[in-house]
Amino acid sequence: MAKAKTNAKIQTRPPVVAVMGHVDHGKTTLLDYIRKARVASSEHGGITQHIGAYQAEVNGRIITFIDTPGHAAFSAMRSRGAAVTDLVVLVVAADDGVMPQTKESISHIKAANVPMVVAINKMDAPGANVERVKKGLAAEGVLVEGYGGDVVAVPISAKSGEGVKELLEMILLVSDLAELKDTSQANFEGVVIDSSLDKYRGAVATILVKKGSLKVGDQVVSNSASGRIKALITSNGERVSQAVGSMPVGILGLTAVPAVGEVFTLGKGKVGEEKKQQERDDIFVPKVKEVRLLLKADTAGSLEAINAAIESIEVSEGKVNVVHKETGEVTESDILLAASTKSIIIAFNAPVSKTVASLAAEDKVLIRSYNLIYELLDELKEGVDALLNVKKEEVVGKAEVVAIFKADAARVAGCKVSEGQLSKGDKVNITRGERNLGTAKIKTMKHLQEDINSASVGDEFGMTLEGKADFAVGDIIEAVR
Ligand code: GDP
């Protein structure tokens, strides 16, 4: 029988969801409730394993939950460049409203640019007030339905389970809108979401499959560990022979304990630090030059004053963006946020403990401390301009990649010039949408079979690039001098 052609959406991978919010607002209770109510118990008598994530079933579909609540794990992953989370559930207690860590979570979610669904929890508690929560969220720029926005907010009780099914359905709906890419055909790539050294089993790690699939017997490698997969264990304690997209699995067989956020690929060799750095840069380098700041100050008054002064700084090119601002001392969480968003921390009369300072050094986060406001402003004005104008480059030509082919084992970008001129030897910036993919140099240029030295508006030509250049059809290649 011939298969009927339908327009139905292609089944992509399940969404990967993290839960964030203020302490005691019910993150753990929610994750526990979903695990108990929605995880099919093992047929093989496996024992539930806490491997850092689990998969829940809703109306025959699957959602992967990272079950370390809070943003520490989330940031640790992002600071290493591994964006595993597709959606965040922001838990806000209806009897408490928006609190400092709610705000912090919002900054993390915005910085990661992932969609969110708000769970207004503790609806059963006396004093529950949905409108107050929605108003509080609006003040933080999170506009839910009825407040001029379209962020979905679902009232729930994690304790009784009331509303949780609706929350799960909304998670599926919102992630359907985000159209997660089907990566099942890609080469395997997995991110470490948990790891430890087991007395009997050696190095164990939980990997979340981002791309492709992982099988028992595969040889894998990350920045600090490698090995042959001896066993794959699900959160139900079952051994499986293969793990597919968005599936969390415990793996045995590693030579060393990898860090959370490390990326595993297939292979035996060591992944070079250079490639890693390139991957990180790909994710975080914004197209517009931008200086990102994280502000900490002793009082709300000075915080606002500094923020206002920063907003009024005029820069000749690019922009200054305050990623997060808060009163109080500089915390480990600030360092993680700064590392994952590549921000500089500005501490005004805000103490920095030794532990925090050494974490900052480890994560290469810059903290600038001040006690005098004019000093801070003077330095900022100079510093920001200096940071934004490290290199002045002029775009001399622009071309779009219209085709890709191979010649003598080299990848050739078939381009059409849309502006100016591109010449052999020019330095080029490659961008895909908003993402900066890096720079390279034009190595060879050809028109049909003939070698050429430059191409102008309207010309079609093929070129090869020197340097680690990734390009695809639709990318823009700009020549700069
Ligand atoms: P977390 O710090 O965000 O992980 O919060 P927990 O899940 O540990 O919950 C903190 C407290 O709130 C616990 O005492 C829970 O029993 C309670 N709690 C969580 N969800 C609800 C709820 O829906 N209703 C009520 N009344 N209490 C809840």
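Student: How many residues surround the ligand, and which are the closest?

Tutor: The ligand is surrounded by 14 residues, and the closest are Asp24, Lys27, Thr28, Thr29 and Asp124. Please keep in mind throughout that this is a predicted model.

Student: What does aspartate 124 do with its side chain there?

Tutor: A polar atom of the aspartate 124 side chain lies 2.7 Å from a nitrogen atom of the ligand. On the oxygen side, an N or O atom in the side chain of serine 157 is 3.2 Å from a ligand oxygen, and a polar backbone atom of histidine 25 is 3.3 Å from an oxygen atom of the ligand.

Student: OK, and confidence? What is the mean pLDDT of the protein?

Tutor: The mean pLDDT is 84, and 85% of the residues reach 70 or more. Confidence is highest in strand β6 (residues 152-155), at 98, and lowest in helix α6 (residues 273-284), at a mean of 42.

Student: Which residues around there have pLDDT below 50?

Tutor: The pLDDT is below 50 over residues 271-287, although this stretch has 33 contacts in the model beyond near neighbours in sequence. Residues 1-10 also stay under 50, and for them the model has 2 contacts beyond four places in sequence. Where pLDDT is low, the predicted coordinates should not be read in detail.

Student: Switching to the inside, then: how many residues has the largest nonpolar core?

Tutor: The largest nonpolar core has 26 residues, and those with the most contacts inside it are Leu30, Phe65, Val89 and Ile171. Two or more residues each come from β1 (16-21), α1, β2 (53-58), β3, β4 (87-93), β5 (116-121), β6 and α5.

Student: Which of those gives the most?

Tutor: That is α5, which gives 6 residues to this core.

Student: And what is isoleucine 171 in contact with?

Tutor: Once neighbours within four places in sequence are left aside, isoleucine 171 is in contact with Val17, Ile63, Phe65, Leu87, Val89 and Val117. There is another core, lying apart from the largest one, with 20 residues, among them Leu422, Ile442, Met445 and Ile452. As general background, nonpolar side chains tend to be buried together in soluble globular proteins.

Student: What about charges: how many salt bridges are found in the whole structure?

Tutor: A search of the whole structure finds 12 salt bridges. One of them joins aspartate 67 to arginine 35, with the closest N and O atoms 2.8 Å apart. Aspartate 67 sits in the loop between β3 (61-66) and α2 (71-79), while arginine 35 belongs to helix α1 (residues 27-38), so this pair ties together parts that are 32 residues apart in sequence.

Student: Is that pair buried or exposed?

Tutor: Both aspartate 67 and arginine 35 are buried.

Student: And which residue does lysine 165 pair with?

Tutor: Lysine 165 forms a salt bridge with glutamate 169, the closest N and O atoms being 3.0 Å apart. The two lie 4 residues apart in helix α5 (residues 164-177), so about one helical turn separates them. Lysine 165 is partly exposed, at a relative accessible area of 35%, and glutamate 169 is also partly exposed, at 29%.

Student: Where does aspartate 475 lie, and where is its partner arginine 432?

Tutor: Aspartate 475 forms a salt bridge with arginine 432, and their closest N and O atoms are 2.8 Å apart. Since aspartate 475 lies in the loop between β26 (460-466) and β27 (476-480) and arginine 432 in strand β22 (residues 427-432), the pair ties together parts that are 43 residues apart in sequence. Aspartate 475 is buried, with a relative accessible area of 2%, whereas arginine 432 is partly exposed, with 31%.

Student: Which residues are linked in a network of salt bridges?

Tutor: Such a network links Lys296, Glu326 and Asp334.

Definitions and conventions. Residues are numbered from 1 along each chain as its sequence is written. This is a predicted model: local features need pLDDT of at least 70, side-chain atom pairs count only at pLDDT 80 or more; totals for chains, interfaces and linings use all residues. Side-chain values use heavy atoms; hydrogens and water are left out. A salt bridge is a side-chain nitrogen of Lys or Arg within 4 Å of a carboxyl oxygen of Asp or Glu. Buried means under 20% relative accessible area, exposed over 50%, partly exposed in between (1.4 Å probe, protein chains only). pLDDT is the predictor's confidence in each residue, from 0 to 100. Contact means heavy atoms within 4.5 Å. A nonpolar core is a set of buried Ala, Val, Leu, Ile, Met, Phe, Trp, Tyr and Cys residues joined through side-chain atoms within 4.5 Å. A residue is near a molecule or strand if one of its heavy atoms lies within 4 Å of it. A polar contact is a pair of N or O atoms within 3.5 Å; within protein, one must be able to donate a hydrogen and the other to accept it, and residues adjacent in sequence count only if both atoms are side-chain atoms.
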